[in-house]
Amino acid sequence: MPPARFSAVWPVLLALLVGFAAGAFCAWLKTPLPWLIGPLFACAFAASRGLPLASLPAARSAGQWVIGTALGLFFTADVLGRLAQSAGLVLAGLLWSLAVGVSLAWALRRYAGLDGATAFFAGAIGGASEMALQGERHGARVDMIAAAHSLRILLVVSVVPFAFQWLDVHGSDPAQRTVMAVNWWPGFALLVACTVAGALALRQLKAPNPWMIGPLVVSVGLSAGGVVLSAVPGWIVSAGQVFIGIGLGTRFAPGFFDRAPRMLIVVAASTVLAIVASAAFAAGLSWWSGVPWATLALATSPGGIAEMALTAKLLELGVPVVTLFHLTLVLMLVLLGGTLYRWLAPRFGWPHDEVSPTHPLRPPDDDDNE
């Protein structure tokens, strides 16, 4: 292999080596979500200390495809019928998550000195890439948004699964997963073909997060229609978690924790408070609806769809409910996030074109268009 090509491939290979080794170590330790948490923590630490790590975009897409396909298999016709009766519950969770996002934005604006647009999209409980893209359209700092989301996900993945393991919470939801066998040919091959086609179709339409939402929609359609093709093999699900963990961990570039420490402290403190508040809110929802508290705690937590749904899958805590809550939130923010920001900005006194001149990561004026 030519030296130039090897120098480009080496960071990816090193990240895979670190990720799989860390996942195997955490599996040996029997930590929750070992194949996600291990690579995430190991790559975040190594990358922030200057080790040259990189995530291959195709690997991240493959990880999202695996998770989307596996989660969709939980949505049988019976499960969808029960979910259809939960519109009020989902609406309550959606409003709660929006309120948490606005509260996080207020804290970032008030205590970290971020401009309004950056604070709003950094605090929003949605996909990091989608919020960064929307924030960029409103003049926000993309690096700050990515940093806030990365740290928030790291904290949620650190706290929630370990807390549930410590509380010995598992298997308390009546909507348990459907047991399926792996049928390599033709079942799994057809499942791969259909779900990849769904991802490519959404990518062609420039839809958000196509490699997760596309396979999820197709897989849900097959399961709800009674088409049983195959389960996703466990080792493929584990590999998908490793790819996602590497993708999240390699966002922590050298000096990540040294830049804008006040902003990172605000994100950390507000995330912990949001986790506690969401757990209390879930208790109220559980009393009102009869849905187990643990399921609703995952559904309303300030984490990402993949991480929280994987936790629900591992603990058998109502995967469809958790997935539906987070998917609805992401879609709502993608479709209406900009409108919501423009509506809130004047009410909070945030000028639309404001960029904080005192922010420690604000680039020079000549670089503002990068």
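Biologist: Is Cys43 buried or exposed?

Modeller: Buried means under 20% relative accessible area, exposed over 50%, partly exposed in between (1.4 Å probe, protein chains only). Cys43 counts as buried because its relative accessibility is 0%. Cys26 is buried too, at 12%. This is a predicted model: local features need pLDDT of at least 70, side-chain atom pairs count only at pLDDT 80 or more, and totals for chains, interfaces and linings use all residues. Residues are numbered from 1 along each chain as its sequence is written, and side-chain values use heavy atoms, leaving out hydrogens and water.

Biologist: How many disulfides are there?

Modeller: A disulfide is a covalent bond between the sulfur atoms of two cysteines. With the cut-off set at sulfur atoms within 2.5 Å, the count is 0.

Biologist: Which residues touch the most other members of the largest nonpolar core?

Modeller: In soluble globular proteins, nonpolar side chains tend to be buried together. A nonpolar core is a set of buried Ala, Val, Leu, Ile, Met, Phe, Trp, Tyr and Cys residues joined through side-chain atoms within 4.5 Å. Here the largest has 101 residues, and those touching the most other members include Ile67, Phe164 and Val232. Helix 8 gives the most to this core, 12 residues. Apart from it lies another core of 9 residues, with Cys43 and Val242 among them.

Biologist: Where does pLDDT stay under 50?

Modeller: pLDDT is the predictor's confidence in each residue, from 0 to 100. Where pLDDT is low, the predicted coordinates should not be read in detail. Residues 353-370 stay under 50. The protein's mean is 82, and 89% of its residues reach 70 or more.

Technical notes:
Contact = heavy atoms within 4.5 Å. Helix = DSSP H or I, 4+ residues; strand = E, 2+ residues; numbered from the N terminus.
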